[in-house]
Amino acid sequence: VNALPILRHRDGALALIVLGLILAIGLRAPVFVTPASLVGVLTDTSFLFMLTLAQMAVILTRGIDLSVAANLALVGMITALVSRAHPDLPIPAIIALAAALGALLGALNGALIAFIGIPPIVVTLGTLSIYRGAIFLIAGGAWLTSKDMNPAFLALPKLSILGVPILIVIAALVSLCFWALLGYSRIGRGLYAVGGNPAAARYCGIDLGAQQFFVHTLAGAISGLCGYLWVSRYGIAYTDIAQGYELTIIAACVIGGVSIAGGVGSVQGALLGAMFLGVVVNALPVINVSPFWQMLISGAVILAAVVVNARSEKRGGKLILRKARIFAGGGAQT
Amino acid sequence: MSLSNPAQAQRYEVADRPPRRLANFLLRWETILVLLLVAVVVVNARLSPFFLDFYNLSDATFNFSEKAILALAMALLIIVRDIDLSIAAIIALASLAMGLASQAGAPTPALILLGLAVGVLCGAFNGALVTYFALPSIVVTIGTMSMFRGIAQVVLGDQALTKYPASFQAIGQGYVSDKLPVPISFVLFLALAAVFGVVLHRTTIGRRLFAIGSNPTAALFSGVPVDFIRFWLFVLMGLMAGLAAVLLTSRIGSTRPNIALGFELEVVTMVVLGGVSIAGGSGGILGVTLAVLVLGLTTFGLSLINVPGIVISILNGALLIVSIGAPALVKRFLRGQA
């Protein structure tokens with residue numbers, strides 16, 4: 001098929017699908033495609049953009065981080081509590097605290113994985129419960145609402161720079177950092193090397209443990225940052241915020257073409273995957289579809305995306321044993 | 001190569017079983033779990049006078065038997081390097097089907113069959129995607145998890161189905177007999193554990209599962225029908241999820257869209273704590289059964305002294321990490337010594 005070159009590129013095709021989706025929704029409900037509404041969609045999706053990029057970095061090394069949402073919720077609660085206890089704390093200090101706390105929680109994951117050698121899925125499954133439980137413990141099971149937070153703490157997500165909401169600006173900055181990190185830094189290229197072929201990466205002198213420690217710390221820092229932003233945006237902190245969000249994040253990665261087997265994934269792909277889910281979630285109420293459909297739709301999209309990805313990942317070459325090839329494509333997890 | 005030369009014959013002698021030594025026995029994962037179980041019982045018995053009571057302990061099994069049944073099938077899947085994160089969503093879907101059928105007036109046997117059938121269909125759907133399309137099971141089952149529970153959410157919205165016949169509710173709430181007040185669900189788990197144990201450890205099917213988990217390509221070249229077995233394991237997982245749905249729905253007597261939410265991660269925790277390697281190829285049913293008891297009795301004992309459930313989940317998370325991390329650390333240390 002010699003269609004437009006853009007269609008042959010996976011990310012280009014996904015971008016067209018997202019665009020087509022937005023236009024189709026616009027036909028049903030023109031209000032959805034107004035600039036204000038689209039900016040609203042982007043703002044709502046900012047968290048997913050950042051967390052998807054962080055998760056992608058982990059998945060590139062053949063890992064997975066199930067604890068990001070729990071990390072986000074825990075850091076969000078701690079920053080809310082700290083801000084309540086010290087109302088005069090400047091916002092930059094709170095942001096730094098959030099990122100540092102998140103990085104610490106992520107580093108704990110990273111240390112258990114890299115230095116003790118427990119599989120990432122086991123470690124983050126464990127810390128998922130621990131971090132969630134910790135929220136309950138430190139807050140005594142209480143809910144903090146916007147009444148418990150001071151105005152400065154709540155003000156940040158409502159700011160905008162040159163008319164662009166600050167959440168979008170932050171997500172754009174984070175994306176830019178990831179683009180530079182993954183594409184143009186030694187450590188970023190190392191992540192692809194480790195995920196693509198761990199043995200070869202090792203012979204090249206790339207330390208898998210150091211890479212794992214780095215990506216989990218990074219994912220933690222981003223989660224922590226999102227924790228503060230989430231709590232201040234929605235004005236509420238309790239044990240269950242962002243519950244199950246880790247799977248939405250992984251879904252965005254998968255839709256964006258990040259291979260769960262490691263070594264494959266791009267910043268623009270991950271962003272498009274997140275954008276797709278963001279559009280679906282935000283469009284449903286606009287076109288009068290019950291929000292209860294959201295889960296079903298995202299599930300179907302994930303399955304469609306993995307099937308498409310698996311087809312496009314098939315390389316040309318001589319098939320010696322069909323069944324062996326089929327197996328090589330699947331089976332392995334984490 | 002002739003074996004007439006005795007020296008040569010000796011050189012190629014392969015010991016097929018390591019010698020039985022006390023150290024090996026003590027370092028076995030099952031031994032550690034038994035010690036852990038004893039510790040849990042002793043600590044809990046000291047913390048609460050109500051712990052070591054036959055009726056209390058018997059009733060405590062209600063709370064983990066459904067997850068325990070799921071853990072058995074999950075262990076087999078993880079042994080062949082697969083995983084199924086959609087089990088809780090399958091429970092929701094099967095429970096939904098039973099709830100709707102029950103409202104339409106279906107009798108108890110039909111409800112049970114329906115629940116099991118929905119489970120089998122969901123499992124077959126997972127298995128087909130994983131084997132036919134050659135997709136990684138973790139991604140497929142994250143997708144089907146959203147889909148199955150999504151269907152339940154679309155149909156139920158924020159409603160609940162609560163109309164079930166009394167004979168149906170008796171399954172999940174009932175005891176074996178008046179003389180033996182042990183929950184039916186727990187006895188079912190023990191019976192299934194015995195069957196799974198025999199199949200996994202004493203039949204060629206079981207050996208094949210370990211072969212697939214250790215090296216799928218080598219297993220395929222050795223004539224093991226790898227994808228065929230993996231497909232049927234997903235179907236089996238679905239069947240067990242259907243069974244768990246029957247037990248859970250009849251025990252709580254209602255179907256809500258969030259039924260069994262988060263079961264998948266608890267079940268994976270049970271399996272991994274039971275000594276099944278997440279990388280596949282090793283593990284056993286005895287270990288999983290012991291892990292089920294350790295986790296179940298910890299939860300029961302702590303709730304007796306009014307520890308909130310979320311705090312218990314911290315302990316379970318820590319238990320998972322420490323129990324997998326400590327042996328890894330010891331091994332690393334021993335290797336450093338040698």
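Predicted model: local features only at pLDDT ≥ 70, side-chain atom pairs only at ≥ 80, totals over all residues.

1. Residues are numbered from 1 along each chain as its sequence is written, chains are lettered from A and ligands numbered from 1 in the order in which they are written, and side-chain values use heavy atoms, with hydrogens and water left out.

2. Chain B holds 16 helices and 0 strands (DSSP runs, H or I of at least four residues for helices and E of at least two for strands, numbered from the N terminus). Its radius of gyration is 22 Å, close to the 20 Å that the globule rule gives for 338 residues, so chain B is as compact as a globular protein of that length (the radius is taken over C-alpha atoms, and the rule is 2.2 Å times the number of residues to the power 0.38). The C-alpha trace of chain B spans about 80 × 55 × 35 Å along its principal axes.

3. Of the 338 residues of chain B, 51% count as buried (under 20% relative accessible area; exposed is over 50% and partly exposed in between, with a 1.4 Å probe and protein chains only). Among contacts (heavy atoms within 4.5 Å) in chain B between residues at least 6 apart in sequence, 77% join residues at least 24 apart.

4. The contact between the chains draws on 51 residues of chain B and 49 residues of chain A. Together they bury about 4400 Å², of which 82% is on carbon and sulfur atoms (accessible area, 1.4 Å probe, that two parts lose on being put together, summed over both). Between chain B and chain A there are 0 salt bridges (a side-chain nitrogen of Lys or Arg within 4 Å of a carboxyl oxygen of Asp or Glu).

5. Several helices of chain B, including α7 (108-132), α8 (137-156) and α16 (309-337), each supply at least two residues of the side that touches chain A. The most comes from α8(B), with 14 residues.

6. Two residues of chain A deserve a check of the backbone. Arg62(A), not a glycine, has a positive phi of about 70 degrees; it lies in the loop between α3 (35-60) and α4 (68-85) and is partly exposed, at 35% relative accessible area. Leu162(A) has a positive phi near 50 degrees, sits in the loop between β2 (160-161) and β3 (164-165), and counts as exposed at 86% relative accessibility. Most residues other than glycine have a negative phi.
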